[in-house]
Amino acid sequence: MARTENVRQHANFIWSVADLLRGDYKQADYGKVILPFTVLRRLDCVLEPTKEIIMDF
C-alpha cells in the first residue's frame with residue numbers, strides 16, 4: 001500500500017505543476033509541456049550514474 005501512496009503523491013505533484021501552468025497554457029496544451037519535461041527528467045535520472053563520465057569526455 002505504501003507504493004500506491006507514493007504513486008499518488010507523484011501524480012498529485014505533477015498535477016500541481018500543471019495547475020501552476022494553467023495561467024500560461026491552455027488545458028489542451030498541458031501534454032505538450034508536461035510530457036516532454038517528464039521524459040527529460042526520467043532520462044536525467046536513468047543516465048545519472050554515467051553523467052560524470054560523459055561530462056569528462
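Me: What is valine 33 in contact with, leaving aside its neighbours within four places in sequence?
Reply: Valine 33 is in contact with Leu21 and Tyr25, once those neighbours are set aside. Contact here means heavy atoms within 4.5 Å. Bear in mind that this is a predicted model: local features need pLDDT of at least 70, side-chain atom pairs count only at pLDDT 80 or more, and totals for chains, interfaces and linings use all residues. Residues are numbered from 1 along each chain as its sequence is written, and side-chain values use heavy atoms, leaving out hydrogens and water.

Me: Why does valine 33 count as buried?
Reply: Its relative accessibility is 15%. Buried means under 20% relative accessible area, exposed means over 50%, and partly exposed is in between (1.4 Å probe, protein chains only). So valine 33 counts as buried. Valine 33 lies in helix α2.

Me: How far apart are valine 33 and threonine 4 in space?
Reply: They are 25 Å apart, C-alpha to C-alpha. In sequence, valine 33 and threonine 4 are 29 residues apart.

Me: Which residues make up the largest nonpolar core?
Reply: There are five: Ala18, Leu21, Tyr30, Val33 and Ile34. The elements giving two or more residues to this core are α1 (2–21) and α2. Helix α2 provides the largest share, three residues. As for the name, a nonpolar core is a set of buried Ala, Val, Leu, Ile, Met, Phe, Trp, Tyr and Cys residues joined through side-chain atoms within 4.5 Å. Leucine 21 touches Val33 and Ile34, not counting residues up to four places away in sequence. In general, nonpolar side chains tend to be buried together in soluble globular proteins.

Me: How many helices and strands does the chain have?
Reply: It has three helices and zero strands. The pattern along the sequence is α-α-α. Both element types are DSSP runs, numbered from the N terminus: helices are H or I with at least four residues, strands are E with at least two.

Me: What makes glutamate 5 and arginine 8 a salt bridge?
Reply: Their closest N and O atoms are 3.1 Å apart. A salt bridge needs a side-chain nitrogen of Lys or Arg within 4 Å of a carboxyl oxygen of Asp or Glu. The pair therefore qualifies. Glutamate 5 and arginine 8 are three residues apart in helix α1, about one helical turn. At 36%, glutamate 5 counts as partly exposed. Arginine 8, at 44%, is also called partly exposed.

Me: How many salt bridges does this rule count?
Reply: The count comes to two. Aspartate 44 and arginine 41 also meet in one, at 2.8 Å from N to O. They are three residues apart in helix α2, separated by about one helical turn. Aspartate 44 counts as partly exposed at 35% relative accessibility.

Me: Which residues form a nonpolar patch on the surface?
Reply: Leu35, Phe37, Val39, Leu40, Leu43, Val46 and Leu47 do, with about 700 Å² of accessible area together. Patch residues have over 30% relative accessible area and no salt bridge; like charges are joined within 9 Å, and nonpolar side chains (Val, Leu, Ile, Met, Phe, Trp, Tyr) within 5 Å. Leucine 43, in helix α2 (residues 30–47), has a relative accessible area of 44% and is partly exposed. That value therefore clears the 30% cut-off.

Me: What does the accessible surface of the chain come to?
Reply: It comes to about 5600 Å², with 64% belonging to carbon and sulfur atoms. Accessible areas come from the Shrake-Rupley method with a 1.4 Å probe, and for residues only the protein chains shown count as cover.
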